[in-house]
Amino acid sequence: MQQFLPAATMFLLTAFFATLLFLPITKFPQKSPLVRFYWVGFWLFMVAIWTVAGGMNTLMLFEFNSYRFAEAVLFSTTLCFILFVMFGWFRLSALAVMTTAKKVKSKL
């Protein structure tokens with residue numbers, strides 16, 4: 001019972017900050033559907049990473065042996081986040097280059 005208070009505190013902090021990470025999605029809506037997709041995806045991945053990391057630490061405070069599984073989930077979520085951001089950056093950069101090229105071509 002003595003580890004209940006730290007674990008409950010960790011759980012509440014994880015839930016609180018994961019909820020705060022939803023604020024940029026709702027407070028700063030994007031007009032372009034493509035940008036909105038990557039904006040929402042970015043913040044949802046941040047919520048997922050925060051939640052997995054906080055859940056892993058909460059379970060550790062409760063002395064559950066879930067370290068290997070939680071570490072694997074955290075690693076895979078982080079890797080997917082990196083790939084998502086890189087793909088989105090390349091796609092949005094390519095869209096910007098194509099739009100600029102079309103504008104320059106139309107002026108010539």
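I took a patch to be made of residues with over 30% relative accessible area and no salt bridge, where like charges are joined within 9 Å and nonpolar side chains (Val, Leu, Ile, Met, Phe, Trp, Tyr) within 5 Å. A salt bridge here is a side-chain nitrogen of Lys or Arg within 4 Å of a carboxyl oxygen of Asp or Glu, and accessible areas come from the Shrake-Rupley method with a 1.4 Å probe, with only the protein chains shown counting as cover for residues.

The model is predicted, so local features need pLDDT of at least 70 and side-chain atom pairs count only at pLDDT 80 or more, while totals for chains, interfaces and linings use all residues. Residues are numbered from 1 along each chain as its sequence is written, and side-chain values use heavy atoms, without hydrogens or water.

I looked up the nonpolar surface patch and found Leu-13, Phe-16, Phe-17, Leu-20, Leu-23 and Trp-50, which together have about 540 Å² of accessible area. Helix 1 (residues 4-20) gives the most to this patch, with four residues, whereas Trp-50 lies in helix 3 (residues 33-61). I noted Trp-50 as partly exposed, at a relative accessible area of 38% (buried is under 20%, exposed over 50%, partly exposed in between).

I then checked the whole chain, which has four helices and zero strands (DSSP runs of H or I with at least four residues, or of E with at least two, numbered from the N terminus). Buried residues make up 20% of the 108 residues. The C-alpha atoms fill a box of roughly 75 × 30 × 15 Å along the principal axes.

Methods:
Buried < 20%, exposed > 50% of the residue type's maximum accessible area, 1.4 Å probe, protein only.
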